[in-house]
Amino acid sequence: MILEQLGKKLLFFDGGMGTLLQEKGLKPGELPETWNLNHPEDIIGIHQAYIEAGSDIVLTNTFGANALKFKDDTYPLKKIVEAAVQNVKTAQERAGKKVYTALDVGPTGKLLKPMGDLDFEDAYNAFKEVMIYGEQAGVDLIHIETMSDTYEIKAAVLAAKENTKLPVFVTAIFDERKKLLTGADIPVFVSMLEGLRVDALGINCGLGPKQMFPMLEELQKYSSLPIVVKPNAGLPKQRGNETYYDVEPEEFAQTMEKIVDMGATVIGGCCGTTPDHIRAMITMCKDKQMKPVTKKTETIVSSYGKSVIFGNGSKIIGERINPTGKKKFKQALKDHDLDYILKEGIMQEEKGAHILDVNVGLPDIDEKQMMIEAITSLQGVTSLPLQIDTVDINAMEAALRIYNGKPMVNSVSGKKESMDAVFPLIQKYGGVVVGLTLDENGIPATADGRVEIAKKIIAEAAKYGIDKKDIVIDVLAMTISSEPQGAIITLDALHRVRHELGVHTILGVSNISFGLPMRPIVNSHFYTMAMYNGLSCGIVNPASEEMMKSFDAYHALMNYDINCERYIGKYSGQTTTVSTTQTGSMTLQMAIEKGVKDEARQITLEQVKTEQPLDIINTQLIPALDHVGKGFEKGTVFLPQLLMSAEAAKTAFAVLKEQMSGNEDAEEKKEKVVLATVKGDIHDIGKNIVKVLLENYSFDVIDLGKDVPPETILEAVQEQDVKLVGLSALMTTTVVSMEETIKLLRKEAPDCKVMVGGAVLNQDYADMIGADFYGKDAMQSVYYAQKLLQDK
């Protein structure tokens with residue numbers, strides 16, 4: 001089995017498939033996977049060339065083979081997969097060398113809800129089908145690659161893990177900022193995949209080998225798993241009608257040698273690499289000593305776009321999304337008022353929370369369903385990681401399944417029944433689990449007793465493969481009004497767990513003062529004492545001035561706040577401000593920026609009673625979208641937030657449009673833009689993002705969909721007198737269709753400009769195929785459209 005060699009010896013993947021098929025005659029728009037049936041000898045020949053070059057692992061020609069793409073009887077998915085696997089097996093026999101056959105699984109090409117229209121379980125089922133066929137046909141492992149969204153990665157990994165017994169490798173496309181399309185950084189990516197128990201992880205596509213150095217350095221810093229690196233052969237170039245890549249085999253091999261020195265244990269090539277590249281790479285690297293795979297100890301929780309790494313001071317877990325002692329929150333749960341929950345989350349983020357606790361348990365509601373809705377909705381308006389807080393195992397599993405990232409999970413106790421129920425879920429889905437120091441005998445009255453239960457929890461977790469870094473111990477704060485020694489015992493236990501056992505700690509800080517007057521006085525002082533004794537994260541109210549002063553002062557005093565920058569910035573010339581979310585008087589601009597749709601609608605309904613619709617658009621809608629757009633460009637706002645803001649703006653605009661209907665002076669003429677994913681490509685993520693944003697900037701978008709022939713695009717341009725077309729492509733093999741479309745438009749509609757985008761494109765390549773503009777991200781495309789069509 002490959003797992004016996006993984007991490008112990010250097011393993012070699014093959015290289016690109018699409019560019020080689022184009023050389024053999026793959027037509028623009030033709031599906032490469034159909035060649036498994038129609039041109040098997042060509043596929044076998046490519047596989048054989050890679051095997052003879054020295055590859056240990058050969059990918060099946062199934063990158064785009066999934067149930068969403070192959071859903072009719074013309075090319076049954078099962079036959080496509082069976083033929084693809086057999087082609088590798090035949091090549092292996094002809095080459096006379098045993099290799100590992102890897103089922104190649106690429107993205108669906110769609111965004112998952114709430115950002116897109118694909119349901120998580122539908123994505124799961126699409127991956128599930130191809131993976132079952134792959135295992136039945138005899139593949140040795142599953143390689144999920146070229147992924148740009150952690151949520152889609154999770155659906156694919158779960159499909160592999162739950163339906164096959166095969167090893168799973170995952171690689172993703174990171175940009176120069178070390179981010180995925182949907183905002184994930186490398187700690188987010190690593191922590192989620194380690195939690196899901198994949199066997200190897202890494203990077204592929206999008207960049208040449210030298211450009212992958214920064215990503216590999218960070219992967220090496222955080223990953224305890226073998227690292228896979230599969231770069232492109234540099235950047236695509238044009239020579240006449242021929243597309244080529246600018247890194248030759250010798251240079252590729254020399255750079256891959258450095259990548260091995262940096263810590264990669266499985267290497268290969270992606271777009272533009274050929275058997276010559278792989279042969280040169282293997283010749284250069286085959287006798288090299290690998291860096292050993294080392295175990296990392298960082299405790300990391302994450303959302304889709306933000307990681308929180310424990311250590312260097314304490315973290316704040318916002319306690320406000322919890323019905324305990326909160327009448328308004330209880331009523332909001334009964335009324336199914338999700339906006340109330342979202343506003344509490346937004347307020348706590350503004351006040352400085354690093355993680356949000358989510359507890360929606362009430363006796364008279366469906367906790368499982370409410371938990372799913374709360375988690376999904378919160379992940380649409382905040383990038384903060386969440387803590388799933390429930391005693392309902394069904395609700396816990398449902399939330400873990402749909403959570404995008406690696407959450408905290410509150411909690412497991414030292415009771416056998418609790419550990420038997422919770423640890424299998426953490427083993428399967430990943431998470432940092434909170435361990436409560438109580439067992440069948442209750443809460444020990446001594447620090448010794450609580451430390452012993454902590455040891456028991458850690459030992460039992462290890463049986464499930466759950467490392468100490470994924471456990472945070474709560475030694476339980478007992479109120480001093482009834483337990484005079486409560487604080488002393490808690491602080492002693494806290495110090496010992498953190499420093500003797502080496503695990504991170506958590507406390508519900510305000511529990512210490514139940515039954516006392518002026519509780520914030522006791523809470524804030526105890527909070528400081530707890531942090532000094534090793535409190536890694538406190539569950540507190542970040543809107544409490546006393547608690548935040550304790551937090552800020554402690555971090556300044558202990559030099560965690562370098563040069564007191566946070567303290568000075570927050571308190572110098574301090575003025576008392578009240579959060580609009582806290583008071584409930586959220587402005588329309590804030591509702592749009594935060595992506596709270598229902599609130600945006602209600603505020604707009606109120607404002608149109610006294611203000612003109614166009615004034616609201618110009619003074620609130622557009623500034624809000626511009627603010628979010630600039631944040632997206634800077635990397636401070638992530639794609640899910642960008643799209644949710646656009647949806648909130650759309651909700652508000654629908655109200656305004658109704659008010660403007662029939663008023664010709666009020667309604668502005670909308671400029672038209674045609675969007676299409678080019679022929680042969682079903683990946684419409686980028687196109688759909690651009691569409692949402694253009695519509696919210698008052699463009700009339702004519703969306704032609706995916707797999708669109710050049711002639712259809714030209715017809716729409718001529719019929720609608722359109723002056724701007726946006727073309728998208730993800731796959732190298734379909735960029736040819738993009739070039740054909742541009743040539744046709746230049747000839748038949750010379751006044752129409754063309755903007756292009758997609759993971760395989762760059763500015764040089766866009767220039768070569770004749771595009772007028774290359775949009776590196778969705779907002780750049782919007783700004784170009786504004787400049788071209790609106791600023792006339």
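Predicted model: local features only at pLDDT ≥ 70, side-chain atom pairs only at ≥ 80, totals over all residues.
Biologist: What makes the length of α26 agree with that of a helix?
Modeller: Helix α26 covers residues 685-696, which is 12 residues.

Biologist: Which residues of α26 are buried?
Modeller: They are Ile-685, Lys-687, Ile-689, Val-690, Val-692, Leu-693, Leu-694 and Asn-696.

Biologist: What unit does α26 belong to?
Modeller: Together with β21 and β22, α26 makes a right-handed β-α-β unit. Such a crossover is called right-handed because the path from the first strand over the helix to the second runs clockwise when the strands point away from the viewer.

Biologist: How do you know that β21 pairs with β22?
Modeller: Pairing needs at least two bridges. Five bridges join β21 (residues 671-677) to β22 (residues 699-703), so the strands count as paired. The two run parallel, and Leu-675 has Asp-703 in β22 as its bridge partner.

Biologist: How many bridges join β21 to β23?
Modeller: Four bridges join β21 to β23 (residues 724-728), again in parallel. Ala-676 is partnered there by Leu-727.

Biologist: Why is β21 called mostly covered?
Modeller: Six of the seven residues in β21 are buried.

Biologist: What makes β13 and β14 a pair?
Modeller: Two bridges join β13 (residues 315-318) to β14, and the strands run parallel. The requirement is at least two, so this pair meets it. Ile-317 stands opposite Ile-355 in β14.

Biologist: Which residues of β14 point which way, and are they buried or exposed?
Modeller: In β14 (residues 355-358), Ile-355 and Asp-357 point one way, while Leu-356 and Val-358 point the other way; all are buried.

Biologist: How many bridges are there between β14 and β15, and what joins these strands into a unit?
Modeller: Three bridges pair β14 with β15 (residues 386-389) in the parallel sense, and Leu-356 has Leu-386 as its bridge partner. With helix α13 (residues 367-381), the two strands make a right-handed β-α-β unit.

Biologist: How many aromatic pairs does the structure hold?
Modeller: Eight. One of them is Phe-13 with Phe-169: the ring centres are 6.4 Å apart and the planes stand at 80°. The cut-offs are centres within 6.5 Å and, for edge-to-face, planes over 60 degrees apart, so this pair is edge-to-face.

Biologist: Where do Phe-13 and Phe-169 lie in the chain?
Modeller: Phe-13 is in the loop between β1 and α1, and Phe-169 is in strand β5, so the pair ties together parts 156 residues apart in sequence.

Biologist: Why is Phe-13 called buried?
Modeller: The relative accessible area of Phe-13 is 0%, and buried means under 20%. Phe-169, also at 0%, counts as buried.

Biologist: Why is the pair of Phe-174 and Phe-189 called edge-to-face?
Modeller: The centres of these rings are 5.3 Å apart and the planes are at 85°, which is over 60, so the name applies. Phe-174 sits in the loop between β5 and α7, and Phe-189 in helix α7, 15 residues apart. Phe-174 is buried at 3% relative accessible area, and Phe-189 is buried at 0%.

Biologist: How do you know that Lys-230 sits over the ring of Phe-13?
Modeller: The charged end of Lys-230 is 4.7 Å from the ring centre. The distance limit is within 6 Å, with an angle limit as well. Arg-401 lies over the face of Tyr-124, at 4.9 Å from the ring centre.

Note on methods
Residues numbered from 1 in each chain as written. Heavy atoms only, no water. Buried < 20%, exposed > 50% of the residue type's maximum accessible area, 1.4 Å probe, protein only. Expected span 1.5 Å × (residues − 1). Phe/Tyr/Trp six-rings, centres within 6.5 Å; stacked < 30°, edge-to-face > 60°. Lys NZ or Arg CZ within 6 Å of the ring centre and 35° of its normal.
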